[in-house]
Amino acid sequence: MGLLQRSERALDAVIQPIVFLGMAALIGVITLQIVSRVFFTAVGWTEEVARFLLIWVTFLGATLAFQRGRHIAVTFVVDALPLRLAQLARIAAVLVALGFLVALIVIGYRYMQVQSFQRSASLRLSMTYVYAVMPISAAIMAWYALVDVIELIVEGPRAVDTGSDNAEEPPA
């Protein structure tokens, strides 16, 4: 396993428990919200925390799906191409995704800066922390896309023949 694959595995090893803990916290906060509304006085901050957790879990979960090749893709045309053309088509597709992700990094960072003066209603938390997940996740996905392009170029048509290595779950 090369350095690039190890870097992907290391990022995955960090993101996976964060997403798991975020989901567990989301379940806990929503449960607290329901119980407090039914039996006691509603806890005001739970709705806000649940929303922020959902945003973070969604973006970080998207990075895991991207790394594993689990986002929706229409590949029947590429699959019908000869190996060399299929390799070029996949490289072009990943480069387009990489361009989008770089734009998302820039736009997400700018948006985060614009929102830095705003505070959340209940927690008085700087919205910078809420919106920071957008450029962070885009940067991680851009790294994954860059690794994919390098692998497609280095491995040549063989990389296309077997499909994406990222579509498999990493070993536990």
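Predicted model: local features only at pLDDT ≥ 70, side-chain atom pairs only at ≥ 80, totals over all residues.

Colleague: Let's start with helix 1 and helix 6: are they roughly parallel or roughly antiparallel?

Modeller: Helix 1 covers residues 3-39 and helix 6 covers residues 133-155, and their axes lie 10 Å apart. The packing angle is about 155 degrees. Angles over 145 degrees count as roughly antiparallel, so helix 1 and helix 6 are roughly antiparallel.

Colleague: Which handedness does the crossing of helix 1 and helix 6 have, left-handed or right-handed?

Modeller: Helix 1 brings residues including Leu4, Leu11 and Ile15 to this contact, and helix 6 brings residues including Trp143, Val147 and Ile150. The crossing of these two helices, helix 1 and helix 6, is left-handed.

Colleague: By class, how many charged residues are in the contact of helix 1 with helix 6?

Modeller: Glu8 and Asp12 from helix 1 are among the contact residues, as are Asp148 and Glu151 from helix 6. The contact also has eight nonpolar and two polar residues. The number of charged residues is four.

Colleague: Now helix 2 and helix 6: what is their relative direction?

Modeller: Helix 2 spans residues 46-67, and its axis comes within 9 Å of the axis of helix 6. The two axes cross at roughly 5 degrees. Angles under 35 degrees count as roughly parallel, so the relative direction of helix 2 and helix 6 is roughly parallel.

Colleague: What geometry does the pair of tyrosine 111 and tyrosine 131 have?

Modeller: Two aromatic pairs turn up in a search of the whole structure. In the pair of tyrosine 111 and tyrosine 131, the ring centres are 4.9 Å apart and the planes stand at 85 degrees. Planes over 60 degrees apart count as edge-to-face, so the geometry of this pair is edge-to-face.

Colleague: How many residues apart in sequence are the parts that this pair ties together?

Modeller: Tyrosine 111 belongs to helix 4 (residues 83-114), and tyrosine 131 belongs to helix 5 (residues 127-131). Tyrosine 111 is partly exposed at 36% relative accessible area, and tyrosine 131 is partly exposed at 22%. The pair ties together parts whose separation in sequence is 20 residues.

Colleague: Which residue has a positive phi although it is not a glycine?

Modeller: Most residues other than glycine have a negative phi. Here the loop between helix 4 and helix 5 holds the residue in question, and its phi is about 60 degrees.

Colleague: Last one: leaving aside neighbours within four places in sequence, which residues is leucine 4 in contact with?

Modeller: Leucine 4 is found in helix 1 and is partly exposed, with a relative accessible area of 22%. Leucine 4 is among the residues that helix 1 brings to its contact with helix 6. With neighbours within four places set aside, the contacts of leucine 4 are Trp143, Val147 and Ile150.

Methods:
Residues numbered from 1 in each chain as written. Heavy atoms only, no water. Phe/Tyr/Trp six-rings, centres within 6.5 Å; stacked < 30°, edge-to-face > 60°. Helix = DSSP H or I, 4+ residues; strand = E, 2+ residues; numbered from the N terminus. Buried < 20%, exposed > 50% of the residue type's maximum accessible area, 1.4 Å probe, protein only. Axes fitted to C-alpha atoms, helices over the stretch in contact; angles between N-to-C directions. Parallel < 35°, antiparallel > 145°, perpendicular 65-115°, else oblique. Left-handed = near helix turned anticlockwise from the far one by under 90°. Contact = heavy atoms within 4.5 Å. Nonpolar A, V, L, I, M, F, W, Y, C, P; charged D, E, K, R; others polar.
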